[in-house]
Amino acid sequence: MLMTAHPGITLLIGISGLLALAAAFWPQKGLLARIARGRLNTQRVLLEDALKFFFDCEYKNISCRLNSIAGSLHISADSATRLLSRLRSMGLIQLQEDSFRLTDAGRSYALRIIRVHRIWERYLADETSIGQMEWHGEADLKEHHLSLEAADQLAAQMGNPVFDPHGDPIPSARGELPAYTGQPLSALKEGDIARIIHIEDEPRAIYAQIVALGLYPGMQVYVMDITEERIQFAANGEECVLAPFFAANITVEKLSAREPIQQKAELLSSLKAGESATIKGLSANCRGQQRRRLMDLGIVPGAQITASFRSASGDPVAYRVLGTTIAIRKSQADNIFIERSDAKP
Amino acid sequence: MEQQHDKNSENILSLANNLRWDLGVNLHDAVVESIYEDASRIARKTVSSKGNKAAYNLERKIDQLVTSRWLGFPIMLLMLALVFWLTIAGANVPSGLLAALLLDTVHPALKSFAAAAGLPWWLDGVLIDGAYLAMAWVVAVMLPPMAIFFPLFTLLEDLGYLPRVAFNMDSLYRKAGAHGKQALTMSMGFGCNAAGVIAARVIDSPRERLIAIITNNFSLCNGRWPTQILIATIFIGGAAPAHWAGLVSAGAVVGIAVLGIGFSLAVSWALSRSVLKGEASAFSLELPPYRPPRIWQTLYTSLIDRTIFVLWRAIVFAIPAGVVIWLVANVHIGGQSLAEYFIRWADPIALLFGLNGVIFLAYIIAIPANEIVIPTVLMLTVVSAGLSGVGAGAGVMFELDSIGATEEVLRAGGWTLLTGVNLMLFSLLHNPCSTTIYTIYKETNSLKWTLVSTFLPIVLGLAICFFVTQLWLLTA
Amino acid sequence: MRDTHPCENCPVHHTENLIRLGIAMDRVDYVVALAGNPNTGKSTVFNNLTGLRQHTGNWPGKTVVRAEGGFSFNDKRYKVVDLPGTYSLLSTSTDEEVARDFILFGRPDVTVIVVDATRLERNLNLALQILEITDRAVLCLNLIDEARRHEIEVDERALSRELGIPVVPAEARQKIGMEQLIAKIEEVASGKYICRPHRVRNRSARLNHAIEQLSKRLSEQFPGLPNLNWVALRLLEGDQRIIDAVQSGELGKLGAGLLAAPTR
């Protein structure tokens, strides 16, 4: 049999071929991925980001100045000036009493981008298992090249969501958006009960801290103590402390006359085989199809649940609920709140 | 009128949207809860349970046994082994009978009928030696094992055991970013990859379902077991001392199957961290009560739903492939058949991967079913090596009754232990058969994922064969 | 008036919709849909009714394709459509959409809801959802023997009173209760039995108010719609199929068929 080359040489060629393939196709860091990203029109991206920023100011009734826009978009003041004059020449913004306002065209453009952004975040949260720290960044890229039609289609598949996973309303396809109602957590007074409706996902470092505390939209907060330096509150019964600077990134809606949740609920995963409990609720961290599926299987507040047996490898665990046996992974059982039934003999 | 309607509709939808913003994020929960509340109220009024749990306790005993830490996995392996043993042992006789009928009786009869009718030799070759033979071969080797494997599998499913398997295996698959039910599609793949791909429907999440579909091909299917056994017996068993030969070759085959499981987990892991990014999402599975299966109905329906369905697809693909197989061996250009041209051209490349041109060509033209790979390899070897006295002529697939005779043909074709090892690897890691490819396309409805499922294993297989070969040569 | 059949002589209403949903409609007097949770023996009931051998395994999501069959009883021909087994009609999976669309747009003359007597509470979740959409249904209380073995008693009369539809206890594997089921199907189909289906009312005041507001507008736009509240609720949940039906006016046609005297 004829062997043309020494196996050592062939091996080297083979390995380098493999490395070359990897370098080309590696997700995100590969050559192809870089080229695809590089093709994004940076000028348009900047323009759209600026519009979004203006809209946000308007929505929250903050006045919008040149340096704030430069800071938010991470560009120099010069570039910001150029960007603004470009926006003005396109008829998207106008100067009104030394602050910039969106024109109607500019507003509807911004709303389109925001709609795509929030739908994509919703999609990532509900339909994929991409971590919540990555939603915003991914949506920031996606908003510039997902067409409005594609976003509409995606929304239709998900049951036309009206809120993004951070609790922000998604503009409707006709460009409607409800009035801004929230106030920052830092503005509450001692003894106030409120519900978190939104957690600002920028700056990233602050968002990461808030997420790390386990806070999410829909949680009930009860302010225990508030001073210049810190705000102490119970979120769904669990005590948290935040600096006001951080608390300002959490938007809440005041609730009137409700008993605060005092105790932190136990988790379904803490139930041992043979123990029973009543389901109290599902954490907001359990989203989309997953949440719907669990509810369809009978995991709803008020239902009785008994841990039945573990799988051969320990996780998932089978639970008995409404007369059926349902297997759930520990990570899901961690999202289900329970109250133990009185111990039966 | 029309405009009025449109305007009204728009107003209704716009009102709905505004109301939704008012109602907040937890609307769906509230709706579901209100339904359950009513259901629970009605149930309280109408259902009375005396609390005798004897019947339920038996069920729990069984559950605790089949999911127990020490016995859970052994029971599962035992069940699987039993199913395979029944399939392989039970299929032998009917397969032999079908082969005797379709290959040894009908085929010669057709040939003599064609000769009597004065059919031109090429038409006779294309139709009878090509199309008919490929179809008959597929039916003879595929039908009996499937007709046994699928009903057995369906029985386990109806009994309620399979959901428990998914339950036990979930933690392993979760670590690979996949779903526990993939254990079932994988087991189904041991019978037939096309059926395994269809079975992936039971997985809800599209991402995890896609992972299950793409990796199903790493389950060594029914059509590949005989190839593995034959080659392992000849080359690996042959290299071991005589009294160990049986054990070593059996170990090699099991090793390949286990390697396949390893690959399916590894590829699932890699996919779930790259193109199909995301954590293993959700696993909520109802473990249905054990109910005695209805045997006759199961036999009937699994035969109709699965066996005939898959077999039909295989036959549809086998017929044109049979024609191609005959043609490449019989169309001559400048004194050489197309097959010989290709084999001579491909040989140096194939040798880099420790294979040979015959194997390359066989895997290309025998794409409809893995079952006809070995007959095609034998036929092509005879053609290309110019052996005489073996086989049934150019373009006519054949198999030899004795392993010794098969070995002689292969050794004459230049096969070594290295070729054997690589063929076993390549048989595990190559493109799915065309029936499976078509099924993947039907199930995913996406050309992209069909192409990925087709080329991913082949690239992987070639890379593995390449490195095995070169390292082997380096150390030899 | 809500429950009167559009006309006694015409075979099935909404034939065109049924044909569009892929149902062959020649020589059929009534269409019967079969719905239920997975693992309730729904396909056994189907096989008993039609004499076919349809296999559906122990998995939700297995039969995305509908099975059809038929039977005749007292000179009437019935077409039976086996819907995919689902836990609910509120999620957005394909099988649930198939089942939901069929019950809503196909407007079967009778929907047979097969429930597992040993797990009634869980099964009622789906039953109540179906009763929100249609008011012609029969509950088949299956696996009654297994329930007896577990010493679970179900008071069928009370259940029938609560749900407002006939309840037939059955053990489909032993072919028990099938004649009675067919008899009840006929009674509901022919309008002899007038269902007064249970409707969920215990929602929060805020949600009920929202539903009322929407229903009012819907009834102006689509007079005669039998399940206004349900449609309103689906709009509040952003169900695209219903949004499309509002936009295209398809909903109006569903309502129009139920009006005794067409206005146009």
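**Exercise 1. Determine how many salt bridges link chain C and chain A in this predicted model, and describe the side of chain C that takes part**.

*Solution.*
Step 1. Between chain C and chain A, two salt bridges are counted.
Step 2. One salt bridge joins the side chains of C:E96 and A:R293, with an N to O distance of 3.5 Å. This pair qualifies because the cut-off for a salt bridge is 4 Å.
Step 3. Six residue pairs, both residues at pLDDT 80 or more, are in polar contact between the two chains.
Step 4. On the side of chain C that touches chain A, α4 (120-133) and α10 (240-248) of chain C each contribute at least two residues. The largest share, three residues, belongs to α4(C).
Step 5. Sorted by class, that side of chain C holds three nonpolar, seven polar and six charged residues.

**Exercise 2. State the extent of the interface between chain C and chain A**.

*Solution.*
Step 1. Contact involves 16 residues of chain C and 14 residues of chain A.
Step 2. The size of an interface is often expressed as the accessible area lost when the parts come together.
Step 3. For chain C and chain A, the buried area is about 1300 Å², with 42% of it on carbon and sulfur atoms.

**Exercise 3. Explain why the buried residues of α16(B) line one face of the helix**.

*Solution.*
Step 1. Helix α16 of chain B spans residues 403-412, and its buried residues are B:T406, B:V409 and B:L410.
Step 2. Viewed down the axis of α16(B), these residues lie within an arc of 95°, and therefore they line one face.
Step 3. An α-helix has 3.6 residues a turn, so residues three or four places apart point the same way.
Step 4. The cover over the buried residues of α16(B) includes α10 (225-239) and α15 (373-385) of chain B.
Step 5. Just after α16(B), B:G414 adopts a positive phi of about 90°.

Key. Residues are numbered from 1 along each chain as its sequence is written. Chains are lettered from A and ligands numbered from 1 in the order in which they are written. This is a predicted model: local features need pLDDT of at least 70, side-chain atom pairs count only at pLDDT 80 or more; totals for chains, interfaces and linings use all residues. Side-chain values use heavy atoms; hydrogens and water are left out. Buried means under 20% relative accessible area, exposed over 50%, partly exposed in between (1.4 Å probe, protein chains only). Helices (H or I, at least four residues) and strands (E, at least two) are DSSP runs, numbered from the N terminus. The arc is that of the directions from the helix axis to the C-beta atoms. Contact means heavy atoms within 4.5 Å. Buried area is the accessible area (1.4 Å probe) that two parts lose on being put together, summed over both. A polar contact is a pair of N or O atoms within 3.5 Å; within protein, one must be able to donate a hydrogen and the other to accept it, and residues adjacent in sequence count only if both atoms are side-chain atoms. Ala, Val, Leu, Ile, Met, Phe, Trp, Tyr, Cys and Pro count as nonpolar, Asp, Glu, Lys and Arg as charged, and the others, Gly among them, as polar.
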